[in-house]
Amino acid sequence: MLPDFQAVLFASGGVNPTNEVGPGADPTALRLLPVGCLGRSIATTPEPCTAPGRVMASSPALSTFRLPPLPTIREIIKLFKLRALKQLSQNFLLDLRLTDKIVRKAGNLTNAYVYEVGPGPGGITRSILNANVAELLVVEKDSRFIPGLQMLSDAAPGKLRIVHGDVLTYKMERAFPQSLKKKWEDDPPNIHIIGNLPFSVSTPLIIKWLENVSCRNGPFAYGRTQMTLTFQKEVAERLTANTGGKQRSRLSIMAQYLCNVQHILTIPGRAFVPKPEPNHCRMSEDMYYKIRLFHP
C-alpha cells in the first residue's frame, strides 16, 4: 500500500514498514498537529479507501457528561474473557489514572470530536469520554472488544460511536460534520486522533498519515487535525532522531519535515498488560511522545 510514499521513506536505509520491531517491543505515544504551510508538496496519489466498516448507532447527545459507575477494565476483560494476543502485539493499559494523564496530554478536549484508533477493552476510551468531548468515534478491528465497547456506548448515550472496521481503510474524511473544517493556515479544527497502537499497524499507519498530511486528505481533510498516539520506543526514537543521531532515518526526515516532534511522557513497561517483553535487540523502557505539526 502507498508504494510511492514508502519508496521515499525507505529507500537507502529507511525503516521497513511491515517489520519495524517485534511484537514484544515497547509502546510509545505521539501527538500530531498538521503544519499550516509546507515548503513543498510530496507528489503522491493516495490509494482509495475501502471497507469503511460498520457503524453502530448511538443515542442523542448530552450537553455535559460523566461516565456512571462501571466495571473496571480488568473486570471487563474477565467478563468477556479477553486476552491480549501476542500475534497482534496487543498490550492493554488498565490504570485509569494513567489513561487520564495520557488524555490530558492531548490538550483540552471539551466539546471536541475525537477519533480513537484501536480502543481494545476501552481504558483510554473511558478517559476520553470523561474529558467531556462532544463525540468519540472508535474504530476497532478485533470483534472480541465490541461487546465491552457497546457497554460503554450504552453508558454514554450520544457520545460514543463504534466502528467495527480497519483503521487503515476507514474513510476518516467522512467521520465528522463538514462544518468542523478549517483552512490549512488557520488554527486546527476541534478534532483529535488518539490511540494506543500495536506494532503491527503503527508504522504503516504513520506512513499513511504522513502522506495524508502532504495531500491534505484523510484525517487532514478537516485541516491540521491533532494526533496523540502510542508507538514502540524504537519507532518513536526514529521519529524524533536529531540530525546525525544513530536512529536518524528517512522516516525521521519525513516526519520532521511535516511535524514538530516532542517527548512528553515516559510510561513504564509494567503499566501494560501483558508487560512488553524486550529481547537482546530491543530497548526495555516504554516512552510516550507528543508529535505536533506546526508551520515550518
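**Aromatic contacts**

Tutor: Tyrosine 170 is buried, because its relative accessibility is 7% (buried is under 20% relative accessible area, exposed over 50%, partly exposed in between, with a 1.4 Å probe and protein chains only). The model is predicted: local features need pLDDT of at least 70, side-chain atom pairs count only at pLDDT 80 or more, and totals for chains, interfaces and linings use all residues. Residues are numbered from 1 along each chain as its sequence is written, and side-chain values use heavy atoms, leaving out hydrogens and water.

Student: How many aromatic pairs does the structure hold?
Tutor: Four. Rings of Phe, Tyr and Trp (its six-membered ring) pair if their centres lie within 6.5 Å; planes under 30 degrees apart are stacked, over 60 edge-to-face, the rest tilted.

Student: Why is the pair of tyrosine 113 and phenylalanine 176 edge-to-face?
Tutor: Their planes are at 65 degrees, so the pair is edge-to-face. The ring centres are 5.6 Å apart.

Student: Where do the two residues sit?
Tutor: Tyrosine 113 is in strand 4 (residues 113-117), and phenylalanine 176 is in the loop between strand 6 (160-164) and strand 7 (191-196). Strands are DSSP runs of E, at least two residues, numbered from the N terminus. The two partners are 63 residues apart.

Student: Is phenylalanine 176 buried or exposed?
Tutor: Buried, at 3% relative accessibility.

Student: Back to tyrosine 170. Which residue does tyrosine 170 pair with?
Tutor: Tyrosine 115. That pair is tilted, with 5.9 Å centre to centre and 40 degrees between the planes.

Definitions and conventions
Helices (H or I, at least four residues) and strands (E, at least two) are DSSP runs, numbered from the N terminus.
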